[in-house]
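Please have the sequence and the 3D view open side by side before reading on.

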Amino acid sequence: MIKQAAEIVREYGPFPDIKYVHGLTFDGQHVWFASGDKLNVLDPASGKTVRSFNMVAHAGTAFDGEHLFQIAEERIQKIDPKSGAVLASIPAPGGGGDSGLAWAEGSLWVGQYRDRKIHQIDPQTGAILRTVACSRFVTGVTWVDGELWHGTYENDQSELRRIDPHSGEVLERLDMPAGVTVSGLESGGADQFFCGGASSGKVRAVRRPRRRAV
């Protein structure tokens, strides 16, 4: 397993009237993050929020290239990013114990915090297609370049972990500084991750390790 300290390259926030950052996602231009009763849009260039939608948003957020998906208690809602309208919803596999959310391979990937699992589910029905067992509590979930990563928070320590998407084996680990919690995780492209900062009210950008050319 590869292990190293996480490198935080930028912090955003805290933001006015936002006490907690839950899940987040990236649409290629903006970071969307859940804060309990709102889904907020952050411009990572300026560091400012540019708009928000009022809705239940207490856990993971995902973007499929056209629509947003937001965990809202025991449901996962499909959202129009232009209007904030809820277009459809499916049951969340954890029935309210869900954490991270990601989109990849035409499916939603849902973290189960205390169950230490990640489920691949059908975005139309919510049916579980595959389950990956993890060795620590799961917060955020993301895919990038065929790699499955998830955030952890356990025993007052957070990490970003790259795991085998079939066996759950930990392949790589980025240790966050003491006192820094990861509540959501999303790839920000080739060279960074965006991380929800839980009760800090912050969003953090963490450098993604470079891959050596073969």
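Helices (H or I, at least four residues) and strands (E, at least two) are taken here as DSSP runs, numbered from the N terminus, and two strands pair if DSSP finds at least two bridges between them. The model is a predicted one, in which local features need pLDDT of at least 70 and side-chain atom pairs count only at pLDDT 80 or more, while totals for chains, interfaces and linings use all residues. Residues are numbered from 1 along each chain as its sequence is written, and side-chain values use heavy atoms, with hydrogens and water left out.

One of the facing positions is Leu160, whose bridge partner in E18 is Leu174. The two strands E17 and E18 form a hairpin with six residues between them, and in the turn Gly168 has a positive phi of about 80°.

Strand E18 (residues 170-175) also pairs with strand E1 (residues 2-5), here in the parallel sense and over four bridges; in this pairing Lys3 stands opposite Arg173 of E18. If neighbours within four places in sequence are left aside, Gln4 is in contact (heavy atoms within 4.5 Å) with Glu172, Arg173, Leu174, Asp175 and Pro209.

Another glutamine, Gln77, is found in strand E9 (residues 75-79). Gln77 counts as buried because its relative accessibility is 19%, and, not counting residues up to four places away in sequence, Gln77 touches Leu68, Phe69, Gln70, Ala72, Val86, Ala88 and Ser89.

Turning to the whole, the protein chain has 21 strands and zero helices. Its radius of gyration, taken over C-alpha atoms, is 15 Å, close to the 17 Å that the globule rule gives for 214 residues, so the chain is as compact as a globular protein of that length; the rule itself is 2.2 Å times the number of residues to the power 0.38. Along its principal axes the C-alpha trace spans about 45 × 40 × 35 Å. Of the 214 residues, 54% count as buried, and among the contacts with a separation of 6 or more, 43% involve residues 24 or more positions apart.

Methods:
Buried < 20%, exposed > 50% of the residue type's maximum accessible area, 1.4 Å probe, protein only.
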